[in-house]
Structure formats: structure tokens, C-alpha cells
Amino acid sequence: MGERTVSTQDGREPAVPNTLAAETEKGFIRRSHTPRRPRLWFEILLIAVSYWTYSLIRNAVPEQRAEAMRNADWIWRVEHGMGTAVEEWVNHTVNSVTWLIVGMNYYYATLHFVVTLGVLVWLYRGHPGRYAAARLVLFATTGVALVGYYLYPLAPPRLMNGSRFVDTLMVHQTWGSMASGDLKHMSNQYAAMPSMHIGWSVWCGLTIFALASVPWVRVLGLLYPAGTLVVIVATANHFWLDAVGGILCLAFGFTVAWLWYGALPYALPRRIPQRQPEKAKGKGNGKESDRPLLPTRV
């Protein structure tokens, strides 16, 4: 028997669109760009592995001491030329008040981690729809900072040759600091540009200010990065230009999240949108519907 051909009434063969693969690909892209409910075990593992990897790469960057010193001298000259070289005055002024500088040393050594993790937990519990996008901002910011550490080794003011800066972490023997005692050998001392103390603290501050409902908490959100800037300068761990580098890295992180999700994290729905089953029965007509429930902004 010959092959049978199915034709339309006008004699032409009907087109059979091969859309399954295209629809599958579009569905995958749409799902990957849509916030999903975070899973606790995955987030804990991801954050732990990511920070371990960040520390490993940061400390594996060659400690190019000679180049780091030259770069520090250049930045110091630039700041003098701009009339903004205030770091030495702030360092000596704050160091003259022992209880204040010791408090700032512990601020520098601990809040960098504690506040950032606290904001992540708060987002996970209270703003799951915004959590993944905000976390992406933080991860992209940190990732691009590693490039800065590699391309531009920089000595902090406290380690500059011939400077009059007080190394407050050493003078006051701050416990737990990665920049003093035996722990300093576990951390790259010439990775000062950009400042992730600023990058992370501004991320925390903007997140708290944008999403907190209590006015005084929002004010604290803005004060936190401002206080961090004073601390990194007073302890002679950074030039103020390092803070500018941290903010530029954060801007990159926000750009990545905006391109991926199509909106800034704070503009996304607070909760994960609830969707109907993919083939829910239509009412009264027995037809199937694939339309999801539209998300509602909170």
C-alpha cells in the first residue's frame, strides 16, 4: 500500500509546529527568572560554601607587597591633592579615646559578619519573595570584589611605609581580628580595595531602610553603613576611597539582580506567588486552564 497523506481542503499539507522544545526552554527560563521559595538547608549550605570559597580565593590572591605599597602611596597622594586626606586625623583622634577605639576594633572584627547574616535570616523569614534577588546582589558584589583584590593589591593605611598611622588592632590587641595576632597570617593583608565592609554594610542598610516597617529601625539601617565608614577609617584599615570601590561593586551587584529578575529586589512581591495547578479544571465548561494565579504585591 502507498503512503497516505493528510491534506487540507485546498490540497496543502497542514503545518505541524514543533513547539514542544521551544515551550520547554521558555518555561525553564521563566522559572529561573522567577523568585521561588528558598529552602533552609540549601541556603545554609550555599552561604557556607560561598563564604569559604570567597575566603579561599581572596587569600590565594598573591600578596604583592611592593605593588600594594606603591598603590597605597598613590591613593594617599591623590587624596592629598583633593584635600580629602582625613584618615590620619580621624585615626589619631579616635585612638586617643581608648574605650571608643577598642569598641570600634570589635565592631570592625565582628559586625561585618553578624549584621549581614542577620539581614539574610530576616529576609528569608519575612520576605521570601525578595530573598533570592537580594542574595544575588550580595553574591555578585562579593564576586566582583575578588577581581579587584587580584587586579589592584592595596596596603591599608596602617601598613604603609613611613606613615604615622596607629595600627589600632595591634596596639589594643583586638581578640578575633583577622588583621592582628596569629590570625593575620590566615588573611591577605593587601586586599583593601574594594572595602567589603562598606559593600556589605550598605547592602544591609539599604535593605533595612527599604523593607523595615518601623521608622527607627529604618534610621538604624542608614546609620549602620555610615558608622562602618567611620570605623574602617578610624582603625586605619581602609582609605575612604576603598569605600567608593565597595559601593561601585554593590552597584554592579544590583545591576546583575535587575537584569536577572527584571526588577530590583525591593520591588518584587514580599511573598512567593501561589500558583494554581497547571491543569486546573475550568468552571462550568470542563476545559483545562494553564493560567497561574497572578502575584499580588505586598
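1. Salt bridges. A search of the whole structure finds two salt bridges, each a side-chain nitrogen of Lys or Arg within 4 Å of a carboxyl oxygen of Asp or Glu. This is a predicted model: local features need pLDDT of at least 70, side-chain atom pairs count only at pLDDT 80 or more, and totals for chains, interfaces and linings use all residues. Residues are numbered from 1 along each chain as its sequence is written, and side-chain values use heavy atoms, with hydrogens and water left out.

2. The pair Arg164 and Glu88. The side chains of arginine 164 and glutamate 88 meet in a salt bridge, at 2.8 Å from N to O. This pair links distant parts of the chain, 76 residues apart. Arginine 164 sits in the loop between helix H6 (128-151) and helix H7 (168-171). Glutamate 88 belongs to helix H4 (residues 87-95). Helices (H or I, at least four residues) and strands (E, at least two) are DSSP runs, numbered from the N terminus. Are the two partners buried or exposed? Arginine 164 counts as exposed because its relative accessibility is 61%. Glutamate 88 counts as buried, because its value is 16%. The cut-offs are these: buried is under 20% relative accessible area, exposed is over 50%, and partly exposed is in between (1.4 Å probe, protein chains only).

3. The pair Arg158 and Asp167. Here the side chains of arginine 158 and aspartate 167 meet in a salt bridge at 3.3 Å, N to O. Both arginine 158 and aspartate 167 are buried.

4. Overall layout. The protein chain has ten helices and two strands. Read along the sequence, the pattern is α-α-α-α-α-α-α-α-α-α-β-β. Of the 298 residues in the protein chain, 40% are buried.

5. The cavity. How many cavities of 30 Å³ or more are there? The count comes to one. A cavity is a set of points, on a 1 Å grid over the protein atoms alone, where a 1.4 Å probe fits but cannot get out; lining residues have an atom within 4 Å of a point. Grid points are joined across faces, edges and corners, and a volume is the space filled by probe spheres set on the points. The largest cavity has a volume of about 30 Å³. Its lining is made by Tyr107, Leu111, His112, His197, Tyr224 and Thr228. Helix H5 (98-126) and H9 are the elements that give two or more residues to this lining. H5 gives the most, with three residues. The lining divides into three nonpolar, three polar and no charged residues. In this count, Ala, Val, Leu, Ile, Met, Phe, Trp, Tyr, Cys and Pro are nonpolar, Asp, Glu, Lys and Arg are charged, and the others, Gly among them, are polar.

6. Thr228 in helix H9. Threonine 228 is found in helix H9. Threonine 228 counts as buried because its relative accessibility is 2%. Its C-alpha atom is separated by 9.0 Å from that of methionine 104, 124 residues apart along the chain.

7. Ala226 in helix H9. Alanine 226 also has its place in helix H9. At 42% relative accessibility, alanine 226 counts as partly exposed. Alanine 226 and valine 202 are 24 residues apart in sequence and 8.4 Å apart in space, C-alpha to C-alpha.

8. A nonpolar surface patch. Val214, Trp216, Val219, Leu220 and Leu223 make a nonpolar surface patch of about 500 Å². Patches are made of residues with over 30% relative accessible area and no salt bridge; like charges are joined within 9 Å, nonpolar side chains (Val, Leu, Ile, Met, Phe, Trp, Tyr) within 5 Å. Accessible areas come from the Shrake-Rupley method with a 1.4 Å probe, and for residues only the protein chains shown count as cover. Leucine 220 is in helix H9 (residues 215-234). At 46% relative accessibility, leucine 220 counts as partly exposed.

Conventions:
1 Å grid on protein atoms, 1.4 Å probe; cavity = no way out; pocket = protein on both sides within 12 Å on 5 of 7 lines; lining within 4 Å.
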